[in-house]
Amino acid sequence: MTTDLFLNIDASSINWARAQFALTAIYHWLFVPLTLGLAVIMGICETCWYRTRDTFWRDTAQFWQKLFGVNFAMGIATGIILEFEFGTNWSNYSWFVGDIFGAPLAIEGIVAFFMESTFVAVMYFGWKKVSPGFHLASTWLTGLGATISAWWILVANAWMQYPVGCAFNPDTMRNEMVSFLDVALSPFAIDKFCHTVISAWIIGAVFVVAVSCWYLMKKRETKLATESIKIAAIVGLVASLGAAMTGHKSAQSVSQVQPMKLAAMEALYEGGPEQGLAIIPGVKVPYALSFMATNDFAGYVPGINDILNGYAKSDGTLEPSVDEKIQRGKQAITALADYRKAKKEGANPALLNEYLSTINSNMKYFGYGYVKDKNDVVPPVWVNFWAFRIMVGLGCLFILFFAVILAVTYKFPKALLQKYDITTLPDWHYWVGILLVPLAYIASESGWLVAEFGRQPWTIQDMLPTWVAVSDVEGFSVALTFFLFLFLFTLMLCVEINILLKQIKKGPEYNN
Amino acid sequence: MNRKNVLYRIYDLYVDGFRSMTLGRTLWAIILIKLFIIFVILKLFFFPNFIKEHAAEGEESEFVATQILNQQ
């Protein structure tokens, strides 16, 4: 079965199910990062009001809260559709992981509902009803609630990439949670959370800069735009640098638990020590990949062929070849089938224990038992390679962008930038700020492409490939809902952009 | 009800807030339409629970075992 499913979408249900899930997740992720990013900016604006009691800051906070509200309303429940898709298109997967996946998602739902519904209401309705301190706390807690929601979703996602804290129960055919803390505080989840949330702040900052640039270009709301740009530039620069640091940490996690993903990101077929990081094909920064993966310029990084054929890890242990993993996976599957049959027939406990022992010792390679050709475990290399470069390249661009804005707005160094006034720049400067919004989204979605394409063909790393996880549903019915979603999502996105643009054109409402 | 009562103040926060909404009315209308489409149309007609539809109650694990183990 082909795993190069990005371009070759045919009539089979698995390809449509994957395409539909990707469409829904990408659409959902248009709203989430802006929510997380704007929450920080509006929180800072309101903190300025709380400290100065200058009504300008209250009006500014209310303006960004209004845009936050539009985005928040449009994003509500778009993630729920993913859960519907689990139950219909990915039922084998849902059952196989249900006990573990259900807990973080349930907590996310409860926390999101109670925290966000309470504090969002106070934030919008409570300006004249509650004390300034309580209102400020509610504004920050609205953002914190959204961030905590993101935490649980990312815990669930991280578990699929690095399944920990679980044990497979052959009687129920489910992975059952044995350690909630191992799942909730998985190092992979922590790295993923930090990188994802911090990168979301970049989108918030870029959005605020873009809206402010539009006002400056139109010579209106000058003070709001200037002060907002100052805040967004600081948030954006801190977030861009933070995304680079947390990205480095994420890369190290990936190198340890998903070496194939890292090899695909680099299109590295033959690995070794002292590996360079490719900027573009054929141009490498010496030793940089080894450092990125291992924190050691001489560190060993396995390539795709090394992983396929087996290699010696830096700690001296041997990583089995994919062929060996396939054999062990087949043993687990056969033992599981034999165990279930024997149990039905009332076999003696000694025989059942023998099967259980075989299942347990090979379960970590269970999914490999379904792999017919070892090359099927290689993810689409070109997608990973370029998506990673787009993400990192744009990330570097944002560091430069925010550093320049910060320098211009604060006129530092003074001798060089004294003559620049951010309110009277030529229009093309403002257009650059506006056009960076789509680039910020492209960077963010590229990050998810790396994360999700890089783990193909696994829905659960090494345990369940996509073609086993998918339900036995008609490809036509999944294709039908794919196009239904495409229509609905496009319509809703047009509505959101329309409302957002109207509110931006309308501008802030000044209370004085 | 005593206007200093906490429950009254919470009630007043929401009622007064909803009454004085402007943009919020549009957003709520969109949210409700969206929730109707998601939970009533999509969930009921397009996204049934596959296992519940195909397996008897209590036999879900057997159904999934058949689905998974037969694919080798």
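Setting aside neighbours within four places in sequence, A:Trp64 is in contact with A:Leu38, A:Ile41, A:Met42, A:Cys45 and A:Val208, where contact means that the C-beta atoms of two residues, placed from the backbone, lie within 7 Å. The model is a predicted one, in which local features need pLDDT of at least 70 and side-chain atom pairs count only at pLDDT 80 or more, while totals for chains, interfaces and linings use all residues. Residues are numbered from 1 along each chain as its sequence is written, and chains are lettered from A and ligands numbered from 1 in the order in which they are written.

A:Trp64 also belongs, with A:Ile41 and A:Ala205, to the residues that have the most contacts inside the largest nonpolar core, which has 150 residues. Such a core is a set of buried Ala, Val, Leu, Ile, Met, Phe, Trp, Tyr and Cys residues joined through C-beta atoms within 7 Å. A residue is buried if 20 or more other C-beta atoms lie within 10 Å of its own, exposed if 12 or fewer, and partly exposed in between. A second, separate core of seven residues includes A:Val120, A:Met123, A:Tyr124 and A:Leu141.

A:Ala205 lies in helix H7 (residues 187-217) of chain A; helices here are DSSP runs of H or I with at least four residues, strands are runs of E with at least two, and both are numbered from the N terminus. With 32 C-beta neighbours inside 10 Å, A:Ala205 is buried. Beyond residues up to four places away in sequence, A:Ala205 touches A:Gly37, A:Ile41, A:Ala232, A:Val235, A:Gly236, A:Ala239 and A:Phe402.

Attention now turns to helix packing. The axes of H1 (residues 13-52) and H18 (residues 475-506) of chain A come within 8 Å and cross at roughly 20 degrees, so H1(A) is roughly parallel to H18(A). Axes are lines fitted to C-alpha atoms, for helices over the stretch in contact, with angles running from 0 to 180 degrees between N-to-C directions. Angles under 35 degrees count as roughly parallel, over 145 as roughly antiparallel, 65 to 115 as roughly perpendicular and the rest as oblique. The residues of this contact between H1(A) and H18(A) divide into 11 nonpolar, five polar and no charged, with Ala, Val, Leu, Ile, Met, Phe, Trp, Tyr, Cys and Pro taken as nonpolar, Asp, Glu, Lys and Arg as charged, and the others, Gly among them, as polar.

H1(A) also packs against H3 (residues 80-89) of chain A, at an angle of about 165 degrees and with the axes 10 Å apart, so these two helices are roughly antiparallel. A:Ala17, A:Gln20, A:Phe21, A:Thr24, A:Ala25 and A:His28 of H1(A) meet A:Ile81, A:Leu82, A:Glu85 and A:Asn89 of H3(A).

Some backbone details are worth a look. Cis peptide bonds join A:Phe412 to A:Pro413, with omega near 10 degrees, and A:Gln456 to A:Pro457, with omega about 10 degrees. A:Arg53, in the loop between H1 and H2 (55-75) of chain A, has a positive phi of about 60 degrees although it is not a glycine. A:Arg53 is exposed, with 10 other C-beta atoms within 10 Å.

As for the interface, 30 residues of chain B are in contact with 37 residues of chain A. H2(B) gives the most to the chain B side, with 12 residues.
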